[in-house]
Amino acid sequence: MLERFLPILLLLGSNVFMTFAWYGHLRYKSSPLMLAILASWGIALFEYCLMVPANRMGSMVYSAPQLKGMQEVITLLVFAGFSSWYLEQPLKWNHWAGFGLIVVAAWLIFLD
């Protein structure tokens, strides 16, 4: 059971770090670009420390396409919360509709 859920938890944690690395600097647009790049790179290191083990462990249970599909859905969920909470840019109906289509695509990957 742990081998099924631990990769998902690690993917969730890694996506939190990566979302901050990619989009966190948008709250500080007046900061120098090089500082944003270096800060993002430093945050991404922690993302990799979780993503690599998640994929390595997850590959014992899931296929690579299934891992990628899970990662996309987790990314969307993390980003939706991040956008609303941290960036104060709530998602509109069309964003949710587009994300929903991606979730359906990820679900199709799990069909045998």
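Helices (H or I, at least four residues) and strands (E, at least two) are DSSP runs, numbered from the N terminus. The model is predicted: local features need pLDDT of at least 70 and side-chain atom pairs pLDDT 80 or more, while totals for chains, interfaces and linings use all residues. Residues are numbered from 1 along each chain as its sequence is written, and side-chain values use heavy atoms, with hydrogens and water left out.

## Exercise 1. The fold and the annotated spans

State how many helices and strands the chain has, and find which spans UniProt lists as "transmembrane region".

Step 1. The chain has 4 helices and 0 strands, which gives the pattern α-α-α-α along the sequence.

Step 2. Along its principal axes, the C-alpha trace spans about 50 × 35 × 20 Å.

Step 3. Of the 112 residues, 31% count as buried. Buried means under 20% relative accessible area, exposed means over 50%, and partly exposed lies in between (1.4 Å probe, protein chains only).

Step 4. The unreviewed UniProt entry lists residues 5–25, 31–50, 70–87 and 93–111 as "transmembrane region". UniProt positions are given here in the numbering used for the model, feature names are shortened, and annotations may be inferred rather than shown by experiment.

Step 5. For one of these spans, residues 93–111, the end C-alpha atoms lie 27 Å apart, with 89% helix and 0% strand.

## Exercise 2. The rings around Phe20

Work out which residues form one aromatic cluster with Phe20.

Step 1. The whole structure holds 10 aromatic pairs. Rings of Phe, Tyr and Trp (its six-membered ring) pair if their centres lie within 6.5 Å; planes under 30 degrees apart are stacked, over 60 edge-to-face, and the rest tilted.

Step 2. One of the pairs is Phe20 with Phe82, edge-to-face at 4.8 Å centre to centre and 85° between the planes. This pair links distant parts of the chain, with Phe20 in helix 1 (residues 2–23) and Phe82 in helix 3 (residues 64–85), 62 residues apart.

Step 3. Phe20 counts as partly exposed because its relative accessibility is 26%. Phe82, at 4%, counts as buried.

Step 4. Phe20 also pairs with Trp85: the ring centres are 6.5 Å apart and the planes are at 75°, so this pair is edge-to-face. Because Phe20 lies in helix 1 and Trp85 in helix 3, the pair ties together parts 65 residues apart in sequence. Trp85 counts as exposed, at 60% relative accessibility.

Step 5. The cluster consists of Phe20, Phe82, Trp85 and Tyr86.

Step 6. Arg27 lies over the face of Tyr86, 4.3 Å from the ring centre. A charge sits over a ring if NZ of Lys or CZ of Arg is within 6 Å of the ring centre and within 35 degrees of the ring normal.

## Exercise 3. The largest pocket

Determine which residues lie nearest the centre of the largest pocket and how its lining divides by class.

Step 1. A pocket is found on a 1 Å grid over the protein atoms alone: an open set of points with protein on both sides within 12 Å along at least five of seven lines, whereas a cavity is a set where a 1.4 Å probe fits but cannot get out; lining residues have an atom within 4 Å of a point.

Step 2. The volume of the largest pocket is about 170 Å³.

Step 3. Its lining has 13 residues, and Gly24, His25, Tyr28, Ala36 and Ala39 lie nearest the centre.

Step 4. Helix 1 and helix 2 each supply at least two lining residues, and the largest share, 5 residues, comes from helix 2.

Step 5. By class, the lining has 9 nonpolar, 4 polar and no charged residues. Ala, Val, Leu, Ile, Met, Phe, Trp, Tyr, Cys and Pro count as nonpolar, Asp, Glu, Lys and Arg as charged, and the others, Gly among them, as polar.

## Exercise 4. The backbone at Glu88

Decide whether the phi of Glu88 is positive or negative, and say where this residue is found.

Step 1. Most residues other than glycine have a negative phi.

Step 2. Glu88 has a positive phi of about 55°, although it is not a glycine.

Step 3. Glu88 is in the loop between helix 3 and helix 4 (93–109). Its relative accessibility is 65%, so Glu88 counts as exposed.

Notes. Grid points are joined across faces, edges and corners, and a volume is the space filled by probe spheres set on the points.
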